Amino acid sequence: MSEISAAIGFNLIVISPTIALVGTALVLLFFTITIESNETVKKSITLIGILITSFCVFLKFGLFFQNGISSYFTQKILLDEFSLFGNVLISLILLFNFLPIWDSSKQLKEKTTEAIILTLMSASGFMLMVDSENLIMLFIGLEIGSISLYALAGLNRGDKLSNEASLKYFLLGSLASCILIYGVSLVFVSFSVFSVYNFALGIAYVGPDSVPLTTSIGVLLIFIGLLFKIAAAPFQSWAPDVYQGSPTGYVGFMSSIAKVSSFIVIARLCLVSINIIIEDFNIFFLIVIISSALIGSLFASIQEDLKRLLAYSGVVQSGFILSGIVSGINGTSASMFYLFTYILQLIGIFIIFSIINGKLSSEFNIQSIQGLFINNRFLAASFCIFMFGLAGIPLTSGFVSKFILLTNLWAYEKYLLVSILLLSTVAGFYFYLRPIWIATIEKTETPIETLKLKKSEYFVITTLATLTIFFGLVPSSLINISRWIVQSYL
Amino acid sequence: MEILILGVLLIPFLTSLLLKVAGKYMNELLTNFVTLNASLLSVAISFFLFGYIFLDKFKPLKFELFEWFPDPQIVFEFYLDGLSGVMMVLICTLSLVIQLFSTSYMSKDEKYTKYFEYFNFFVFSMLLLVLSGNFLVMFFGWELVGLSSYLLISFWSEKKAASKAGNKAFILNRIGDFGFLIGLMMILNYFETFNFLSIFENTLKTRPENLDLMILFLLLGAFGKSAQFPLFSWLPDAMEGPTPASALIHAATMVTAGVFMLVRISPLLQFSEIGSITIISLGLLTALISAFAAINQEDIKKVLAYSTISQLGFMFIAIGAGAYVAAIFHLVTHAFFKALLFLGAGAVIHEMHHEQNIYKMGGLRKKMPVTAAMMGIGTLAISGIPPLAGFWSKDEILASVFSRGGIYYGFWALSLLAALMTAFYMGRHWLLIFVKEPSNELDSVNEAPKNMTRPLILLGLFSIFIGFINTPFFHGLEKVLHETLYDVEVTHLPKGITLAVLAFLSIGAGFTGLALAYLIYIFDIFGYFKIKIPFLKQIKKLSKDVLNLNKIGNLIFVKGMKSLSRKVAVSVDGMTIDGFINGVARSFLKSSQQISYSQTGLVRSYVVYFGLFMLVLILVFLFSPGVLL
């Protein structure tokens, strides 16, 4: 028996985070259906489940240091630095978002458990996605993750905007999935392989000059499907609508988790599978990045809704991260740094939004944060820190990430890209500072109501803000981590 | 000893933090106590440090805080040599004097404590900038200075103009920073370090091919921060902030950051011919334009703002001519007399109950004798009348430009013209405020309180005597900067009779300007002889509108960006790329006719665009080089 399991790479540790998440979801479901239990029990079950998941990720590190880069389950699950980084990020997202998710779900009354289960299932899907070596596995993970997100967007059934967001997200998301699976099938047609590694071998075997067109187009379609998930222009149109319509408490989770996993998959595809033919995709990516930077900054500067503004800012940030990933190994490392810091800021800002705007509400007019500074200094200060981070003002992690990324791009002699991205940063100062202006300096007759924060919320926000400042002052630790991620491709 | 550098930096920072945290519980007295004592302490430490390196023959002090970036190694480090020492002492001293003045000027303001909080934060960031040991720390200071000046400009944010001015300053400075960042990237890419010393050592051995481009990008940053053409339109508007803050930020220190940076990189700059020519010609252009613009301003602070730009132009001229010592010298003297002029203007505004139009003043000499005398000293100093401070520095700049020969004779002549104009508009400024017959009742005007006049007197003394630190007979500042400019070829003054003639000419220009101002505005020579100058009205209008350049810059950089984004967004909005989220939701609210259209309309169009863009991208991919062909 052991021989067989060794042969097919049967190893439960490598998928233990996924199992832990699904298990937690099942236990929760069990409790809801059979035993009458109060909310504290459910809350602790969820929290313990998430902690166990984090522990399982820790176990995977042990496995990695023992086996190195290795594949399991007949080349379906891959264990490499990227998947570990993705797992860590996803468990961090779950941990930091636990509060807003739980509070939003609690307000849903009888649907509390459903919402929690949806988030856990979604996280399990994305865990699978970052772990996948097999392209079909990737698709399955993506779908498990996304479908739960579609439902999350529409959880607040009383709100028409929420319904609409969910529907839009679903329709467009399924279109993107179609394109992705079509790309996978085209790739399969050329080489009859699904594994990202074997696929690279195939390309190397035929040589970079005689790669079949089906492969290139297939890879292109896979990229388009993933670009949709990270809301890069010109496939960004869904993002503002969905961000605006979804219950505020869930948006931080939804946006960060989809971005993390898609970026990691894109990075792995670029570094492993199509590494030797990536030159062919230069113009394609150039167009995507430039249009992301331009469209994102242009639209962000005219938004009157804060959540839409954040969506468009996300488009710009996606352009940034993508530009590093497609330019080379050092660029990828810089992008991973960027991704990490960006996710922290994004989660932080959405936690603050959900506190100000209410967990389930959809629209969030920019004027409604007037007088935040008088009302709650702590919130205003951390709001400023996150916004400064997103804008890339020095002494925050946002500056470091932009700086490293652009310096690397400059070293790759991508001058056009650097100038356009820098220009979008300049424009970014305008639209990131406007909310800060409104929140802190602008005088108002009708300030927002007094906000009371729970201790746990103080804790989470303080942690995120401290990290944002910390990585701005002493980035070397995170830089070393981001270099470690790409070390085996050097 | 090195740790004291950190002390100088941290004192204003901690003060600012304390005022921020405990601001609620502080009244004016307590705030004064905290902030004045803190700045006294930092003045003491900075003088002590300066004395220390003075005794050590200006051997630089270095202090490394921690490693910021592993590879290429970038350390968070500070560096104190003659140059940064001079700046440090200057900033600390001025900030003390100006805070003293502010305690009286800002009293009874609602946000009294907040003002000092921002003020101290600004001092911290400025010190960070000048004490930086590498480009990264400098950039941090650079950005923080911009941020704190933004806060101070829009301090009275309930005034619409104030917040607008703050935004404008911020955006124009961003354009400068854009260039600065690109320059930094090029430097990091070539030298693989940010440390000033190692970069300068490297340049002596090998020079990068694209040095000119590097310098030009860095210049863009300097032009933005120091308000030079074409990024100068923000400074006159920045006068919306509290006057003492303008004195410190927009006259004495922040705007000189560009000059400081250029002198700091002078070991690089000296090898770039194009860079030097660009600096001197744009500096000259700025000096002339803004001097011309200052002639017909009505606002007491705007005149000073334009004169600041013009004087900064002089500093740039000096740098372009390679006279780095002269540039720093003029920076120092200018800081004192311009701070004096601004504070004097502040006192006048304070006593005139926030009336800023100089035509509504006049005859204030009798009401405010001390202020009048001190501002008179400032006016004489800026006009270049010996033996006041401005004469020595301005004369040194003019003489250095002259001594370069060739095309620089032309530059010299034009700079002399700018000096004459300076004397003229400053003379007008002073005469209109203090001498001219008053046009309306000024009974309620009294001399400013002691807390205001004392700083003025102090600055007045400085404006008289600070010039003696570097005269043709005693090269004090040159010795201070000797270590900093060790490998730099500095333009020196001509010798003997030439120098005397040049000095005579520049004194002549100063007197002529002042005399003209007297003749025109007090004696009214045109009215007396019934001379009519053709096109006077048009010239006046032109001068007032700053040759419309101000507007054009604003149009392109500030309004253009906004309206472009709006226009594009609106026209694309028609194509529902940025469709608002009301496709389905609207269907519940609007009439049935629209339901059928919008229910699926938006999603459908999203899908169509999705497909279209996908096809376009595939086509682009197919036709990109190396795929099909």
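1. Which helix of chain B has the lowest confidence, and which the highest? Confidence here is pLDDT, the predictor's own score for each residue, from 0 to 100. The mean is lowest in helix 26 (residues 583-589) of chain B, at 47, and highest in helix 11 of chain B, at 89. Helices (H or I, at least four residues) and strands (E, at least two) are DSSP runs, numbered from the N terminus.

2. This is a predicted model, in which local features need pLDDT of at least 70 and side-chain atom pairs count only at pLDDT 80 or more, while totals for chains, interfaces and linings use all residues. Residues are numbered from 1 along each chain as its sequence is written, and chains are lettered from A and ligands numbered from 1 in the order in which they are written.

3. The model scores ipTM 0.86 and pTM 0.84. Chain B has an average pLDDT of 80, and 88% of its residues score at least 70. Over residues 573-578 of chain B the pLDDT stays under 50, and the model has ten contacts for this stretch beyond four places in sequence. Residues 584-601 of chain B also have a pLDDT below 50, with 17 contacts in the model beyond near neighbours in sequence. A contact means that the C-beta atoms of two residues, placed from the backbone, lie within 7 Å. Where pLDDT is low, the predicted coordinates should not be read in detail.

4. Chain A contains 20 helices and two strands. Its radius of gyration is 22 Å, close to the 23 Å that the globule rule gives for 490 residues, so chain A is as compact as a globular protein of that length. The radius is taken over C-alpha atoms, and the rule is 2.2 Å times the number of residues to the power 0.38. The C-alpha trace of chain A spans about 70 × 60 × 40 Å along its principal axes.

5. Of the 490 residues in chain A, 63% are buried. A residue is buried if 20 or more other C-beta atoms lie within 10 Å of its own, exposed if 12 or fewer, and partly exposed in between, with C-beta atoms placed from the backbone. Among contacts in chain A between residues at least 6 apart in sequence, 80% join residues at least 24 apart.

6. The contact between the chains takes 54 residues from chain A and 47 residues from chain B. Helices that each supply at least two residues of the chain A side include helix 9 (213-229), helix 12 (282-300) and helix 18 (415-441) of chain A. Helix 7 of chain A gives the most to that side, with eleven residues. By class, the side of chain A that touches chain B has 36 nonpolar, ten polar and eight charged residues. Ala, Val, Leu, Ile, Met, Phe, Trp, Tyr, Cys and Pro count as nonpolar, Asp, Glu, Lys and Arg as charged, and the others, Gly among them, as polar.

7. Some backbone angles in chain A deserve a look. Most residues other than glycine have a negative phi, and most peptide bonds are trans. A cis peptide bond joins A:Ala233 and A:Pro234, with omega about 5°; A:Pro234 lies in the loop between helix 9 and helix 10 of chain A. A:Gln75 has a positive phi, near 55°, and sits in the loop between strand 1 (70-72) and strand 2 (77-79) of chain A. A:Gln75 counts as partly exposed because it has 18 C-beta neighbours inside 10 Å. The phi of A:Leu395 is positive too, near 75°, and A:Leu395 is in the loop between helix 16 (377-391) and helix 17 of chain A.

8. In chain B, strand 1 (residues 61-69) and strand 2 pair in the antiparallel sense over seven bridges. Pairing requires that DSSP finds at least two bridges between two strands. A hairpin of four residues joins strand 1 of chain B to strand 2 of chain B, and B:Glu67 stands opposite B:Val75 in strand 2 of chain B.

9. Helix 7 (residues 196-205) of chain B has B:Phe196, B:Ile199 and B:Thr203 buried. They cover an arc of only 70° around the axis, which puts them on the same side of helix 7 of chain B. The arc is that of the directions from the helix axis to the C-beta atoms. The face turned away from the buried side carries the exposed residues B:Leu204 and B:Lys205. Cover for the buried residues includes strand 2 (74-80) and helix 6 (160-191) of chain B.

10. B:Lys302 is in helix 14 (residues 300-320) of chain B. Beyond four places in sequence, B:Lys302 is in contact with B:Pro236, B:Met239 and B:Gln297.
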